[in-house]
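Biologist: Could you take a close look at the pockets of this model and describe what lines them?

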Amino acid sequence: MGKDITLGQYYPTDSVIHGLDPRVKIIGTLLFIISLFAYKGVAGFLLVSVFLFAMLFLSKIPLSYTLKGIRGIYVLCMITAVFNLLFTAGTPVIQWKAVIITEEGIQTAVTIALRLIYLVLGTSLMTLSTTPNQLTHGLEKSCGFLKSFKVPVHEIAMMMTIALRFIPILMEEADKIKKAQMARGADFESGNLIRKAKNMLPILVPLFVSAFRRANDLALAMESRCYHGGEGRTQLRPLTYGRNDRIAYIVVCVYLAAVICLRIIIK
């Protein structure tokens with residue numbers, strides 16, 4: 001179970017994407033997410049696909065490893081697809097008693113499912129190519145202007161990074177607890193939905209206990225190292241933009257502009 005979660009994990013390798021400034025990857029990911037909801041038509045989808053898979057190729061991360069993150073959202077994709085198929089009005093394609101599937105419903109279901117998949121792939125690429133420390137520094141620098149409005153940017157960036165790090169850890173812990181309970185005779189497969197939900201209690205209770213224990217250990221470790229927030233703290237390696245970072249900004253901006261132009265033309 002934990003091996004299928006790529007969000008929050010770091011894949012070490014030597015690539016152009018790994019060498020970029022974390023601020024570039026954070027802002028680039030946000031612009032890519034905007035493009036996912038801005039594109040329209042087959043041409044826009046092809047442009048988004050080419051850009052995403054080009055970034056995956058440049059990252060040198062195996063595609064099979066990146067695609068593992070999709071397994072965690074297949075249920076969400078199925079639910080959204082079913083709702084769009086059944087409740088979208090339009091030209092009927094399949095009609096059986098009260099069930100009517102329309103052409104517009106099929107198009108909407110496919111579009112939303114692809115957007116969810118690409119959203120996971122894009123965000124996974126950012127976390128797979130950025131260490132947690134770099135991600136924290138990048139978030140803090142990118143949102144530094146919010147300090148003028150008394151927003152605790154450093155603390156928020158730290159919490160987000162810790163949360164990302166805990167995702168694969170807790171999933172691995174849940175997998176270990178499940179296997180231990182199954183070795184003791186627990187049954188997680190049989191029964192109806194309510195029965196299966198009740199059967200999850202032997203996993204959830206020790207998982208929450210373990211999560212609170214880990215959080216307490218982390219808090220004690222941070223306090224013992226005299227951590228009291230980001231005020232007055234300096235960085236061992238300050239972030240600076242390089243030539244590749246500026247080129248990356250230009251490429252992402254040109255890509256987003258192309259997606260928006262295609263949407264306007266298609267209208």
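Modeller: The answer begins with the overall layout and then treats the pockets in turn.

The model is predicted, so local features need pLDDT of at least 70 and side-chain atom pairs pLDDT 80 or more, whereas totals for chains, interfaces and linings use all residues. Residues are numbered from 1 along each chain as its sequence is written, and side-chain values use heavy atoms, without hydrogens or water.

The chain holds eleven helices and two strands (DSSP runs numbered from the N terminus: H or I of at least four residues, E of at least two). Along the sequence these elements follow the order α-α-α-α-α-β-β-α-α-α-α-α-α. The C-alpha trace spans about 70 × 60 × 40 Å along its principal axes.

The largest pocket has a volume of about 1100 Å³ (an open set of points on a 1 Å grid where a 1.4 Å probe fits, with protein on both sides within 12 Å along at least five of seven lines; the volume is the space filled by probe spheres on the points). Its lining comprises 42 residues, and N133, T136, H137, H154 and M158 are the closest to its centre (lining residues have an atom within 4 Å of a point). At least two lining residues come from each of α1 (16-19), α7 (132-142), α8 (153-183) and α10 (201-224). Helix α8 makes the greatest contribution to this lining, with nine residues. By class, the lining of the largest pocket consists of 16 nonpolar, 14 polar and twelve charged residues (Asp, Glu, Lys and Arg are charged; Ala, Val, Leu, Ile, Met, Phe, Trp, Tyr, Cys and Pro nonpolar; the others polar).

The second largest pocket has a volume of about 380 Å³. Of the 21 residues that line this pocket, I17, L20, F51, M55 and V252 lie nearest its centre. Two or more of its lining residues are supplied by each of α1, α2 (22-38), α3 (41-59), α6 (103-128) and α11 (243-266). The lining of the second largest pocket divides into 15 nonpolar, five polar and one charged residues.

To complete the picture, the strands deserve a brief note. Strand β1 (residues 92-96) runs antiparallel to β2 (residues 99-102), joined by four bridges (strands pair if DSSP finds at least two bridges between them). Across this pairing, I94 stands opposite I101 of β2. The hairpin leaves two residues between its strands, and K97 adopts a positive phi near 55° there.
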